[in-house]
Amino acid sequence: RAMVIDGDAILHLIETPRGLRVRAIPAEQLDEAKTLDLGGGRYIVAGVEFAADGTRAAYWILPAKPTDIVTYAPSIRIPAADILHLSAPVGIGQVRGVSWLAPVLLRLAEIDGLDDALLTGFKVAALHAGFLIDQTGEAGLPYDGDQQGSILNTGMEPGTLKRLPPGVDVKFNSPQQANQSVEFLQAQLRAVAAGLGVPEFMLTGDVSRANYSSLRSALTTFRARIEMLQYTILIPQIMRPLYERFVTSAILSGAVNAPDFESNMADYLSVEFHPPAMPWVDPLKDVQATKEAIASGLMSRRQAVSALGWNIEDLDSEIAADRERETSLGLTFGQTPNAPETDNDA
């Protein structure tokens, strides 16, 4: 969420007597005003310090958010090994992330203004019931309200009948654009959804104009985008380094006995990540397609199980344990019970 809203998510890894802890730091606490040349090829850009070889060496973090009412304190240098920085760069050499809302913020403000204007129009239309016009000029009924300059201040209530002076008529401005306000608003929401990279129905919650094919097509595109973010952003920037730090910390602290850690470090740090599976519109057809792919040799069971977010070794162990328990209890879930034996001589 911080990466989407702020453009950056910063996590500080802290070693405590109870083990490794992770502290989330607001993106605004990264001292973006700190930019200078340190010499020898080292430099700082927007609070991120780079070594001479171009790798990130440290992060300069403010003790408190700039919006807090505190006495100013200089930023603190934290080694990059203790910081996990999550962002989705859009250009080579980009140091800080960009809010995903940046392309649509102006449009959202315009939509909010349109919504207020339409709502005000409906309220004003609901207040007026009619106007009384003195056609003879003898009634002497002035228009209600106190005039300040060219503006007439008058109260309005539902069903109001307003009195007009002689010779005065009322004409309301009804621009043609207001007649297409609903269509225009829907077009703006579609543009916002495209800017955010999400299907329109996820943004509006309205599926009245969708059907099976359009929903599945939209979900397929959205699913590909989410998998790209999982495997190219979240896992390499957060999950893998956090897992490696957790395992290393547990072994070096003695919480886990691993005398051969230095010689077999790659084995201890080896890990597979299986994000939770995203449901489809019609899961039955997807299961049938997966079975056909496995039967025809186009997919392995390991690939199919990984796509569901599970580890195949754990799954097979659970299935074997379930079948052993069912057999011991005489249960036949998903199986046809054996027919009772009969005496052929009877």
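**Helix packing, then the sheet**

Mentor: H2 passes H3 in a left-handed crossing. Bear in mind that this is a predicted model.

Trainee: Which residues make the contact of H2 and H3?

Mentor: From H2, Arg 107, Leu 108, Ile 111, Leu 114 and Leu 118 take part. H3 brings Ser 181, Phe 184, Leu 185, Gln 188, Leu 189, Ala 191 and Val 192.

Trainee: How many of those are nonpolar, polar and charged in the contact of H2 with H3?

Mentor: By class, 9 are nonpolar, 2 are polar and 1 is charged.

Trainee: Switching topic. What order do the strands of the open sheet take?

Mentor: E3-E4-E5-E6-E7, with antiparallel pairing. The sheet is open and has 5 strands.

Trainee: Which are the edge strands?

Mentor: E3 and E7, the latter at 76–79. Each pairs on one side only. From one strand to the next, the twist averages 25°.

Trainee: Take me along it. How many bridges join E3 to E4?

Mentor: 3 bridges, between residues 36–39 and residues 42–45. Leu 36 has Ile 44 of E4 as its bridge partner. E3 and E4 form a hairpin, and 2 residues sit between them. Gly 40 is in that turn, with a positive phi of about 65°.

Trainee: Next pair. What joins E4 to E5?

Mentor: Another antiparallel pairing, with 3 bridges; E5 is residues 48–50. Ile 44 comes up again here: its bridge partner in E5 is Glu 49. The hairpin of E4 and E5 has 2 residues between the strands.

Trainee: Which residue in that hairpin has a positive phi?

Mentor: Ala 46, near 55°. Note that Ala 46 is not a glycine. Ala 46 lies in the loop between E4 and E5.

Trainee: Is Ala 46 buried or exposed, and why?

Mentor: Ala 46 counts as buried because its relative accessibility is 14%, and the cut-off for buried is under 20%.

Trainee: Other end of the sheet. How do E6 and E7 pair?

Mentor: In the antiparallel sense, over 4 bridges. E6 is residues 56–61. Ala 58 stands opposite Pro 79 in E7.

Trainee: Now a loop. Where is Gln 29 found?

Mentor: Between strand E2, at 19–25, and E3.

Trainee: Gln 29: buried or exposed?

Mentor: Buried, because Gln 29 has 10% relative accessibility.

Trainee: What does Gln 29 touch?

Mentor: Leaving aside residues up to four places away in sequence, Gln 29 touches Trp 60, Ile 61, Leu 62, Pro 63, Ala 64 and Lys 65.

Trainee: Last bit, the whole chain. How many helices and strands?

Mentor: 9 helices and 12 strands. The chain has 346 residues, and 22% of them count as buried.

Trainee: What share of the contacts join residues at least 24 apart in sequence?

Mentor: 52%, among contacts between residues at least 6 apart in sequence.

Conventions
Residues are numbered from 1 along each chain as its sequence is written. This is a predicted model: local features need pLDDT of at least 70, side-chain atom pairs count only at pLDDT 80 or more; totals for chains, interfaces and linings use all residues. Side-chain values use heavy atoms; hydrogens and water are left out. A crossing is left-handed if the near helix is turned anticlockwise from the far one by less than a right angle, and right-handed if clockwise. Contact means heavy atoms within 4.5 Å. Ala, Val, Leu, Ile, Met, Phe, Trp, Tyr, Cys and Pro count as nonpolar, Asp, Glu, Lys and Arg as charged, and the others, Gly among them, as polar. Two strands pair if DSSP finds at least two bridges between them. Buried means under 20% relative accessible area, exposed over 50%, partly exposed in between (1.4 Å probe, protein chains only). Axes are lines fitted to C-alpha atoms, for helices over the stretch in contact, and angles run from 0 to 180 degrees between N-to-C directions.
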